[in-house]
Amino acid sequence: MDIQTPDWVKHAVFYQIFPDRFARSKQPHKRLLYNAPWEDWQAMPTLQGYKGGDLWGIIEQLDYIQDLGINAIYFTPIFQSASNHRYHTHDYYQVDPLLGGNQAFQELLDAAHQRNIKVVLDGVFNHASRGLFFFHDILENGPHSPWVDWFKITDWPLAPYTGDLPANYEGWAGNRALPVFNHDNPEVREYIMEIGEYWLKFGIDGWRLDVPFEIKTPGFWQEFRQRIKAINPQAYIVGEVWGDSRQWLDGTQFDGVMNYLFTGPTIAFTAGSRVVLEQVETRDYQPYPPLFAAEYAVKIQKLLQLYPWEIQLTQLNLLASHDTARLLTIADGDKATVELATLLLLTFPGAPSIYYGDEVGLPGGLDPDSRRGFPAPADWNQEILHIHRQLITLRHQYPALRMGDYQVLFAQGELYIFSRTLETETLIIAVNAGTVSATANLDPDSLHSQPNNILYGSGEFQWHGGQLSLTVPPRCGCVSTLPTAKLGNDHHHHNY
C-alpha cells in the first residue's frame, strides 16, 4: 500500500505547550478575569489550581518560539473545561474563555502561520466531562434525556459526584469526571467527526488524539482520517499510543504516534543509573534499568523496523511530556543526560518535540509538578538553552538529519555511533554515555571517505595506518560530516 504522510512534519521541530502554564498576557485588558485568584506563577503547581496562562500570552512569546527554531506547536487541550489541563471537555466548539476564546485562538493561528509555524490541537474524543451539554442533560432529565445513548449508562440513578453510590455509567479509568462516549452510536460518531472537520476548516494543521486506543468501534479512525484529509491532505494525525502501535500505523489511520518507544530507551542509555526511580516507577515507557550501547542499538533498530519508513519520518519523538516527569528531574539534575538525550532526539528520524521549559532547564517531577509555570529569563539555564538552539539549527541545516537513512556504525560499552545519509550527504553522530573517554575503530570502507569537520560537540578522528578511530570524551557527544566529493553511490535506501 502507498502510505502518504504530511511532508511538513518530516521537517518539523515541535514545541509542546500546556496553555495554563506558558505565559500570561502582559495586556490586562485582553484577559477575561483580570483579578482572578490565580495560583502564584512560580509556586509548585497543584492538581486543581489555575495559573492563568492564556493564548494572548503565547502570541506575545511567538518571537521567542520562532527564534528557538520551532516550526510547529502542539497544544494540550484548549477547549472550554473546568480543569487546568482541560482534558475534561465542556464544549468542543469553544476555545476556553479563560484562554481568550475563539478570537484569541484565531489571532494566534494567524500569527503562527505568518511565521510558518504549524498548530496541532489535542482532541479528547474518547470521553468528555460531566459539563458537556449532552451529559449534563442526562444529569438533569435522567432516562428521559434524548441523549441517553450517547454514553455508557448501566443503571439509574446516576451518581456523578459521590463515591457512596455506584456511578452507573462508564468513566475513563473509572473516573466519574470523564464519562466515556458510546462510539457505536452513529450520532456520537458523526458529532466527533464534525468537530474534527470544524477545526480543520478553522485553520489548524492537525490533531493529536488523546487515548485513541480506547475507541474500539470498527472503522472509526479510518473514517476520521478520510474526513480530515479530505479537508487538508497535509493535516497531521498523531495518536497518543505508548507502545507498539502497528495496528494504528498501517497508513489508514494515524500518521504517527507519540514515540515513547524512543523515549524510554534513550533515557535508559543516557541517564543510566542516575534515574530517580520514584519519577518513573508508575510509567510504562521503561526509562530504567540502564542500557549499554549495544542494548540501545538493538532497541532502536527494532523500533526503526516496526513501521513503514514514511511513518517513521512523521513520528512525534519526545523526551518528556505533561504525562511524565521532566528528564532533568528523572536524571537527578544531571545536565549531561539532557545534552546527550537531546542530541539523540534531534538526530533521529521523525519530528522532535520539545516540552515547554525543557529547553531552559525547567525541572519537574510527576504530574502535577511536570506542569510548572514557564520560568522568568533570570532562571533559565543558558547552557541547556544554547544546546537546544545549536541542535535545532543543525537539524534544519542538514536534510540528512531529517530524511536520511539511519545506520548504526558502532555500539560497545557506553559508546554509540550512527550515521544519517541522504544522497551524497552523510553525518556521523556519536554519544559517549560513560564516565571515561571512549574510542571506536570505524570501518573506513563503510564511510567511503574521511570525516572532516565536527559540527557540534567534542570528538576526535584519527587515522592509524588505514584504520580510522573516533575518540569521544566522557559524557559527551558529537556530530560530524563526511566530505561529499568522494562518496560512493552504494548506499542502500532504508539501511537501518
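Visitor: What is the volume of the largest cavity?

Guide: This is a predicted model, and in it the largest cavity has a volume of about 120 Å³. Among the 15 residues that line this largest cavity, those closest to its centre are Leu319, Val338, Thr342, Asp358 and His388.

Visitor: What makes a space such as this a cavity?

Guide: The word cavity is used for a set of points where a 1.4 Å probe fits but cannot get out. The structure holds two cavities of 30 Å³ or more, and the second largest cavity has a volume of about 30 Å³.

Visitor: Which elements give two or more residues to the lining of the largest cavity, and how does that lining divide by class?

Guide: Helix H12 (327–330), H13, strand E10 (351–355) and helix H14 (382–397) each give two or more residues to the lining of the largest cavity. The residues of that lining divide into nine nonpolar, four polar and two charged.

Visitor: Why is helix H13 described as largely enclosed by the rest of the structure?

Guide: A residue counts as buried when its relative accessible area is under 20%. Ten of the eleven residues of helix H13 (residues 335–345) are buried, and therefore the helix is largely enclosed by the rest of the structure. The buried residues of H13 include Val338 and Thr342, along with Glu339, and Val338 and Thr342 are also among the residues closest to the centre of the largest cavity.

Visitor: Which residues line the second largest cavity?

Guide: The second largest cavity is lined by Arg31, Leu32, Leu33, Trp38, Gly52, Asp54 and Leu98. By class, this lining has four nonpolar, one polar and two charged residues, and Gly is counted with the polar residues.

Visitor: What makes a pocket, and what volume does the largest pocket have?

Guide: A pocket is an open set of points with protein on both sides within 12 Å along at least five of seven lines, and the largest pocket has a volume of about 760 Å³. It is lined by 30 residues, of which His85, Trp172, Asp323, Asp367 and Arg371 lie nearest its centre. The residues of its lining divide into eleven nonpolar, ten polar and nine charged.

Visitor: Which helix supplies the largest share of the lining of the second largest pocket?

Guide: The largest share, five residues, comes from H9, while helix H9 (260–270) and helix H10 (293–306) each supply at least two residues of this lining. The second largest pocket holds about 390 Å³ of space, and of the 18 residues that line the second largest pocket, the closest to its centre are Leu261, Pro265, Gln286, Lys299 and Lys302.

Visitor: What share of the residues counts as buried?

Guide: With the cut-off of under 20% relative accessible area, 60% of the 496 residues of the protein count as buried. The protein exposes about 19,100 Å², of which carbon and sulfur atoms supply 50%.

Methods. Residues are numbered from 1 along each chain as its sequence is written. This is a predicted model: local features need pLDDT of at least 70, side-chain atom pairs count only at pLDDT 80 or more; totals for chains, interfaces and linings use all residues. Side-chain values use heavy atoms; hydrogens and water are left out. Buried means under 20% relative accessible area, exposed over 50%, partly exposed in between (1.4 Å probe, protein chains only). Helices (H or I, at least four residues) and strands (E, at least two) are DSSP runs, numbered from the N terminus. On a 1 Å grid over the protein atoms alone, a cavity is a set of points where a 1.4 Å probe fits but cannot get out, and a pocket is an open set with protein on both sides within 12 Å along at least five of seven lines; lining residues have an atom within 4 Å of a point. Grid points are joined across faces, edges and corners, and a volume is the space filled by probe spheres set on the points. Accessible areas come from the Shrake-Rupley method with a 1.4 Å probe; for residues, only the protein chains shown count as cover.
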